[in-house]
Amino acid sequence: MTLKARAKEKVERAGISNYSFDQDVLVMCGVRYSVEACDCGEPDCDGVRLRKNLAAINRNLQ
Ligand SMILES: [Zn+2]
């Protein structure tokens, strides 16, 4: 499964349906998240990590 597909699954599991993808960036409520692989090894880890993409937000504000 691709990282993007995993992120989609993670978001939908959290009950969020109002989201979209801009290339590989997840956009939720106007906030952009980088989708990264997670290899922390936690038993409940789904292998994907969402990181707030602050650089993109700042760029949009300018
Ligand atoms: Zn993890």
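This note sets out numbered points on the fold of a predicted model.

1. Overall composition. The protein contains 2 helices and 4 strands. Followed along the sequence, these elements occur in the pattern α-β-β-β-β-α. Of the 62 residues in the protein, 6% are buried. Among contacts between residues at least 6 apart in sequence, 33% join residues that are at least 24 apart.

2. The 4 strands form an open sheet, and their order within it is 1-2-3-4. The pairing is antiparallel. Strand 1 and strand 4, the latter spanning residues 48–52, are the edge strands, each of which pairs on one side only. From one strand to the next, the twist averages 35°.

3. Strand 1 with strand 2. Strand 1 covers residues 19–22 and strand 2 covers residues 25–28; the two pair in the antiparallel sense over 4 bridges. Two of the residue pairs may be located in the structure. Tyr19 has Met28 in strand 2 as its bridge partner, and Ser20 has Val27 in strand 2 as its bridge partner.

4. The turn at Gln23. Strand 1 and strand 2 form a hairpin with 2 residues between them. Gln23 is found in the loop that separates these strands. Is Gln23 buried or exposed? Gln23 counts as exposed because it has 5 C-beta neighbours inside 10 Å, and the exposed class takes in residues with 12 or fewer.

5. Strand 2 with strand 3. Strand 2 and strand 3 run antiparallel and are joined by 4 bridges. Val27, already named as the partner of Ser20, stands opposite Arg32 in strand 3. Val27 may therefore be used as a reference point when tracing the pairing, since it has Ser20 as a bridge partner and pairing requires at least two bridges between strands.

6. The turn at Cys29. A hairpin is also formed by strand 2 and strand 3, with 2 residues between them. Cys29 is found in the loop between these strands. Cys29 has a positive phi of about 50°, although it is not a glycine. Cys29 is exposed, because 7 other C-beta atoms lie within 10 Å of its own.

7. Strand 3 with strand 4, seen from Glu36. Strand 3 and strand 4 run antiparallel, and 5 bridges join them. Glu36 lies in strand 3, which spans residues 31–37, and its bridge partner in strand 4 is Arg49. Apart from neighbours within four places in sequence, Glu36 is in contact with Arg49 and Arg51. Glu36 and Leu50 are 14 residues apart along the chain, and their C-alpha atoms are separated by 6.3 Å. Glu36 is partly exposed because it has 13 other C-beta atoms within 10 Å, a count that falls between the limit of 12 or fewer for exposed residues and that of 20 or more for buried ones.

8. Helix 1 and the sheet. Helix 1, made up of residues 3–13, lies across strand 1, strand 2, strand 3 and strand 4. Helix 1 runs at about 80° to strand 4.

9. Val11 as a view of the helix. Val11 lies in helix 1. Which residues does Val11 contact, leaving aside neighbours within four places in sequence? They are Ile16, Tyr19, Leu26 and Met28. Of these, Tyr19 and Met28 are themselves bridge partners. Val11 and Leu50 are 39 residues apart in sequence and 9.7 Å apart in space, from C-alpha to C-alpha. Val11 is partly exposed, because 19 other C-beta atoms lie within 10 Å of its own, while a buried residue needs 20 or more.

Note on methods:
Residues are numbered from 1 along each chain as its sequence is written. This is a predicted model: local features need pLDDT of at least 70, side-chain atom pairs count only at pLDDT 80 or more; totals for chains, interfaces and linings use all residues. Two residues are in contact if their C-beta atoms, placed from the backbone, lie within 7 Å. Axes are lines fitted to C-alpha atoms, for helices over the stretch in contact, and angles run from 0 to 180 degrees between N-to-C directions.
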